[in-house]
Amino acid sequence: MKQQSKKDKIAILGGTFNPPHNGHVHLLEAFQKAMDFDKILIIPAAIPPHKEAPDLAAPEHRLQMCKLAFPTAEVCDIEIQNGGKNYTADTLEQLKEVYPASQFYFIMGTDMLLSFNSWRDPQRILKNAVLLCDARDDTTSVRELRNFAKLMLGLREEQFIISDVRPLPLSSTEVREKCRRGESIADLVPPAVAAYIRKEGLYER
């Protein structure tokens, strides 16, 4: 990765991407339309730090699927190169060395925001990125999430954005289960990702 000097707005979406699906694509497209980012970084995890993943596809497969799913974004292998479990606070500090003058926006879901205080070094995360959260479901409103962020997490207005972007109710688990059953995943993932999964025989057992 090369050093750059222009003050860009950079969105960061991390995850297992096992595999990336239409919900991820929809969320990024909606945030891009709302925020007009200069760059989007997609960062697949080497190993998920907070959950077991016995059916985790190899890193090279997940990297390639991300490139197919997000052709206009930059797929960054920083955590895969680091190996093992990576934590957001450390990754952001590494990225800040590459993009020292940029403003990061770290994309997270409602469930991630609600558990943010249990993350490793949340203050280090806030030092380097604005939290950008979607309202994950109809049971939690944008207003309720904003109040939670301010009153329960103690965040300042400039440290977070709660968006009314509504994600598609899809999950990578659903995709993998359909693959194991030999069912079509055409309505769950981008066509290029579906073709790659078929070609490589991923998630078949």
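**Entry 1**

Is K39 buried, partly exposed or exposed? I began my notebook with this residue, keeping in mind that the model is a predicted one. K39 has 25% relative accessibility, so I wrote it down as partly exposed. Buried would need a value under 20%, and exposed one over 50%.

Next I looked up what K39 pairs with. I found a salt bridge to E74, with 3.0 Å between the closest N and O atoms. This pair joins distant parts of the chain: K39 belongs to strand 2 and E74 to strand 3, and they are 35 residues apart. E74 is at 27% relative accessibility, so I noted it as partly exposed too.

A reminder to myself: side chains of opposite charge can pair when their charged atoms come close.

In what order do the strands of the open sheet run? I traced 6 strands in the order 3-2-1-4-5-6, and the pairing is parallel. Strand 3 (74–75) and strand 6 (160–163) sit at the edges, each pairing on one side only.

I then followed strand 1 (residues 9–15) alongside strand 4 (residues 103–108), where I found 4 bridges in the parallel sense. I12 has F106 of strand 4 as its bridge partner.

Helix 7 (residues 142–152) packs on this sheet and touches strand 5 and strand 6; its direction makes about 165° with that of strand 6. I also saw helix 4 (residues 88–98) lying across strands 1, 2, 4 and 5, at about 150° to strand 4.

**Entry 1: two helices together**

How do helix 2 and helix 9 cross? The axes of helix 2 (residues 59–69) and helix 9 (residues 191–200) come within 8 Å, and they cross at roughly 155°. Angles over 145 degrees count as roughly antiparallel, so that is how I described helix 2 relative to helix 9.

On the helix 2 side, the residues in contact include H61, M65 and L68; on the helix 9 side, they include V193, Y196 and I197. By class, I listed 7 nonpolar, 2 polar and 2 charged residues in this contact.

D55 lies in the loop between strand 2 and helix 2, while R176 is in helix 8 (residues 172–180), 121 residues away. R176 has 11% relative accessibility, so I noted it as buried, whereas D55, at 23%, is partly exposed.

Notes. Residues numbered from 1 in each chain as written. Predicted model: local features only at pLDDT ≥ 70, side-chain atom pairs only at ≥ 80, totals over all residues. Heavy atoms only, no water. Pairing = 2+ DSSP bridges. Contact = heavy atoms within 4.5 Å. Axes fitted to C-alpha atoms, helices over the stretch in contact; angles between N-to-C directions. Parallel < 35°, antiparallel > 145°, perpendicular 65-115°, else oblique. Nonpolar A, V, L, I, M, F, W, Y, C, P; charged D, E, K, R; others polar. Salt bridge = Lys/Arg side-chain N within 4 Å of Asp/Glu carboxyl O. Buried < 20%, exposed > 50% of the residue type's maximum accessible area, 1.4 Å probe, protein only.
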